[in-house]
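Thanks for passing this one over. Below are my notes, meant to be read alongside the coordinates.

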Amino acid sequence: MSDSTNNPNHHKVIILGSGPAGLTAAIYTARASLNPLLIHGPLAGGQLTTTTDVENFPGFPEGIMGPELMQLMEKQAVRFGTTIAVDTIVKADVTQRPIQLVGQSGTYTCDSLIISTGAAPKYIGAQNERELLGYGVSTCATCDGAFFRNKIITVVGGGDSACEEASFLTRFASKLYLIHRRDSLRASKIMQDRVLSNPKIEVLWNKGVVAVEGSKKDGVTALVLEDTKTKERSTLPADALFVAIGHTPNSHLFKGQLEMDENGYLLHKADSPETNVPGVFVSGDVQDHVFRQAITAAGSGCQAAIGAERYLESLHE
Ligand code: NAP
């Protein structure tokens, strides 16, 4: 192990990210007496802070607001000895020991790193899209679909995510419109077939969403669409807009150092949350483009923490 014990900026474990993955990793490593430092950027709490009610996190039968759930997790992590630092890390070197992280406010070193930096959903850039996020606009069908029972639901996108979300949302929707900017879907054949054969789904081809109408009080009431060929505009009454045009994993800091797939998702060993660099672990959406749930992120945070704990123990053997 590195001899950095007198350096106040040196830690046995540093966790990057404060979503459910990072905070669960913090709870576990703190309870293992590793005194973790958790670093997050200016917005704490990850993607759950952009959602309102969370009804599928076990233990909250009445549901809980996303930001409140994250505050509770943070409180739990701090209770066991997690230190939280607000800083934006701009450079990381995981190839040297100790591992070095350079932030806008300071430099940090550690023996083991848990990366839980999440993924950012992509947005279409429609007027009012961000303002009504959590008020009828959503980027997660599994999280928010059940709020729109017997309502008119719209999904934008033409890939596997959009088709999967559209198919899933038909269990709630009275009518579902899939809005795509071209005249053919990018999704795999099986997903396309599922969408195109579903009587509840109508695909609106060659359409872009330019504005979302509604308010925080009334939610979404309509979408303003523009035909991508004729530029003609129309208004579509709707109660919800699910934006499903993909995610960007927040992994750019580790480009060239850690193995990632072609979309930038960090890779880990088949039977472990450890990356190709010993002592560097991953959890949450930065390594998961399939499930993307708070509970799966939390589970992987636990795995990363146990991985880090065992790695640190192995340094003494
Ligand atoms: P994707 O394949 O990149 O598709 C994104 C879709 O959104 C495309 O149809 C694209 O239109 C559209 N789009 C992008 N930017 C847009 C914008 N600004 N305005 C309007 N539309 C826009 O992303 P994804 O569907 O999230 O899939 C990502 C990866 O995960 C893929 O490899 C996919 O196969 C995989 N995935 C698999 C499953 C599954 O197997 N169950 C489920 C989800 C995702 P264009 O077609 O015109 O480019």
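1. Ground rules. This is a predicted model, in which local features need pLDDT of at least 70 and side-chain atom pairs count only at pLDDT 80 or more, while totals for chains, interfaces and linings use all residues. Numbering starts from 1 along each chain as its sequence is written, and side-chain values use heavy atoms, leaving out hydrogens and water.

2. Helix H2, length check. Helices here are DSSP runs of H or I with at least four residues, strands are E runs of at least two, and both are numbered from the N terminus. H2 covers residues 66-79, and its 14 residues should span 20 Å at 1.5 Å a residue; the end C-alpha atoms are 20 Å apart, which agrees. The expected span is 1.5 Å times one less than the number of residues.

3. Gly 66, Leu 69, Met 70, Met 73 and Ala 77 are the buried residues of H2. They fall within an arc of 95° when you look down the axis, so they line one face of the helix; the arc is taken from the directions from the helix axis to the C-beta atoms. Gln 71, Lys 75 and Arg 79, on the other side, are exposed. (Buried is under 20% relative accessible area, exposed over 50%, partly exposed in between, with a 1.4 Å probe and protein chains only.) The buried residues pack against helix H1 (20-31), strand S3 (53-54) and strand S4 (64-65), where contact means heavy atoms within 4.5 Å. Just after H2, Gly 81 has a positive phi of about 110°.

4. Ser 112. Leaving aside residues up to four places away in sequence, Ser 112 touches, among others, Val 13, Ile 99, Phe 281 and Tyr 311.

5. Most residues other than glycine have a negative phi, and most peptide bonds are trans. Arg 97 and Pro 98 are joined by a cis peptide bond, with omega about -5°; Pro 98 lies in the loop between S6 (89-93) and S7 (99-103). Asn 150 is not a glycine but has a positive phi of about 60°, and counts as exposed at 64% relative accessibility. Lys 231, also not a glycine, has a positive phi of about 65° and is exposed at 52%.

6. The open sheet. Five strands run in the order S10-S17-S11-S12-S13, with parallel pairing. S10 (137-138) and S13 (201-204) stand at the edges with a single partner strand each, so one side of each has no neighbour in the sheet. Two bridges join S10 to S17 (residues 240-243); strands pair if DSSP finds at least two bridges between them. Val 137 stands opposite Leu 241 in S17.

7. Ligand site. The ligand is surrounded by 14 residues, the closest being Asp 160, Ser 161, Glu 164, Arg 182 and Arg 186; near means a heavy atom within 4 Å. A side-chain N or O atom of Arg 182 is 2.7 Å from a ligand oxygen. A polar backbone atom of Gly 158 lies 3.0 Å from an oxygen atom of the ligand, and for a backbone N or O atom of Gly 159 the distance to a ligand oxygen is 3.2 Å.

Definitions and conventions. Polar contact = N/O pair within 3.5 Å; in protein donor to acceptor, adjacent residues only side chain to side chain.
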